[in-house]
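Here is a short tour of one structure, taken a region at a time.

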Amino acid sequence: MSVTGWLRARKIELAWVGFALANWAAMLLTPDWETIPFHFIWVSLTILYGYRVWRLKATYLVLAAVALGTGVVILNDAFQGSQLWGELFEVPLMSGMFLAMVWHAQRRQIALNETARVAAERASLLDHQERLLHDVSHELRTPVTIARGHLEMLQLASDDPPPEIAVAVDELDRIAHIVDRLLLLAKAERPDFVAFYDIDLQPFLEDVFMRWSEVAPRNWRLGEVPAGTLVADPQALRTALDALLENAVDHTVAANTIELSAEAAGSEVAIRVSDDGPGIPADALDRIFERFARADSSRSRERGGVGLGLAIVEAIARAHHGRCSVASAGQGTTFTLTLPGFEDAPGELPKFDGKFSGPARV
Ligand SMILES: Nc1ncnc2c1ncn2[C@@H]1O[C@H](COP(=O)(O)OP(=O)(O)OP(=O)(O)O)[C@@H](O)[C@H]1O
Ligand SMILES: [Mg+2]
């Protein structure tokens with residue numbers, strides 16, 4: 001570290017040294033008021049140490065210097081008769097108080113270091129886990145695609161292909177779906193997953209709504225959507241909304257209603273996907289955002305669900321510093337994706353043009 005860097009890093013200590021020397025000079029020059037600058041020195045040292053927990057060696061050196069400096073002046077004045085001998089006891093008393101403070105601060109420092117170490121270890125473990133998830137999913141993709149291709153060729157080559165081939169193709173599709181979901185989930189946990197743009201909320205949600213209303217016959221409704229700009233990653237936001245709308249379609253029939261709407265509250269916007277389907281049992285509400293969690297696993301499996309859609313939605317919400325919540329009381333379900341960064345005025349970031357022409361995420 002350069003000298004100026006060192007001086008800048010130690011400016012509080014240097015300021016204290018100046019303050020302590022001024023008080024020490026006052027002790028020398030005004031014996032009548034001596035105990036006041038004496039206490040100023042010790043109290044300021046204790047306060048300073050509370051902010052800067054020095055290494056033990058440096059701490060003991062400073063303590064020795066202060067005890068010696070103040071003790072010598074009082075001792076001298078006691079000999080001169082301008083100070084009571086009893087005042088000399090203040091020096092070991094103040095040193096003891098300071099040492100008690102050092103003991104507590106050191107214990108706190110050790111606890112803080114341990115917390116930081118555990119947090120770093122956990123972060124690296126999570127990172128390792130996500131990388132493994134990503135690599136395994138990636139490696140699985142190719143063999144699944146090749147096996148599927150061979151089975152399709154067998155199907156085409158035979159006039160009466162055995163039904164087992166269709167079952168095997170279905171299962172491979174399921175594996176491919178899981179792999180795609182896992183890959184997306186692994187990416188969604190990375191800090192660079194999101195690329196922020198200004199999204200004109202009304203046309204964006206209208207576009208998502210139009211695409212889905214053509215996928216399945218339902219009583220589709222586009223509710224109120226506030227005009228304004230949302231700072232978000234359009235690809236990720238669409239992925240999250242697709243997962244919520246896909247769930248709504250999966251758990252409803254043609255006679256049911258699915259509604260997409262949004263509501264602004266200050267700088268946040270709450271995007272809602274609600275349906276009047278069978279709802280989610282209360283005891284499952286807490287765990288449906290976990291990986292591989294399904295409220296009714298046998299029915300979800302029939303539909304090809306693996307229980308990763310909502311984990312992806314939550315990871316996307318988190319990457320936007322937002323949240324996703326669910327409400328379901330007996331009948332019907334409402335998922336609310338709450339995101340910050342909404343303004344009812346045009347934004348300043350590059351504007352998202354509504355076309356998903358960028359590189360595919362999966
Ligand atoms: N709109 C809904 N109505 C009723 N149940 C729902 C609804 N949305 C989600 N669920 C329940 O929550 C579970 C978890 O949903 P999630 O999207 O995470 O997984 P999935 O749909 O089973 O599989 P995936 O989305 O990975 O293909 C579902 O299995 C289902 O039981
Ligand atoms: Mg789903």
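## A sheet and the helix across it

In this predicted model, helix H7 (residues 201-213) lies across S1 and S3, and its direction makes an angle of about 70 degrees with S1. Those two strands belong to an open sheet of 3 strands, ordered S1-S3-S8 with antiparallel pairing. Strand S1 (197-200) and strand S8 (342-343) form the edges, each pairing on one side only.

Take a look at where S3 (residues 229-232) meets S8: the two run antiparallel and are joined by 2 bridges. Here Leu 230 stands opposite Phe 342 of S8.

## Helix H4 and its cover

Now turn to helix H4, which covers residues 56-80. Just after H4 comes Gly 81, with a positive phi of about 90 degrees.

Which residues of H4 are buried? They are Val 66, Thr 70, Ile 74 and Asp 77. An α-helix has 3.6 residues a turn, so residues three or four places apart point the same way. The cover over the buried residues of H4 includes helix H2 (11-29), helix H3 (35-51) and helix H5 (90-157).

## Around ligand 1

Ligand 1 is surrounded by 22 residues, of which Asn 247, Arg 294, Ala 295, Gly 305 and Gly 309 are the closest. Helix H8 (234-250) and helix H10 (309-319) each contribute at least two residues to this shell.

Terms used:
Residues numbered from 1 in each chain as written. Chains lettered and ligands numbered in written order. Predicted model: local features only at pLDDT ≥ 70, side-chain atom pairs only at ≥ 80, totals over all residues. Helix = DSSP H or I, 4+ residues; strand = E, 2+ residues; numbered from the N terminus. Expected span 1.5 Å × (residues − 1). Buried ≥ 20, exposed ≤ 12 C-beta atoms within 10 Å, placed from the backbone. Contact = placed C-beta atoms within 7 Å. Near = placed C-beta within 6 Å. Pairing = 2+ DSSP bridges. Axes fitted to C-alpha atoms, helices over the stretch in contact; angles between N-to-C directions.
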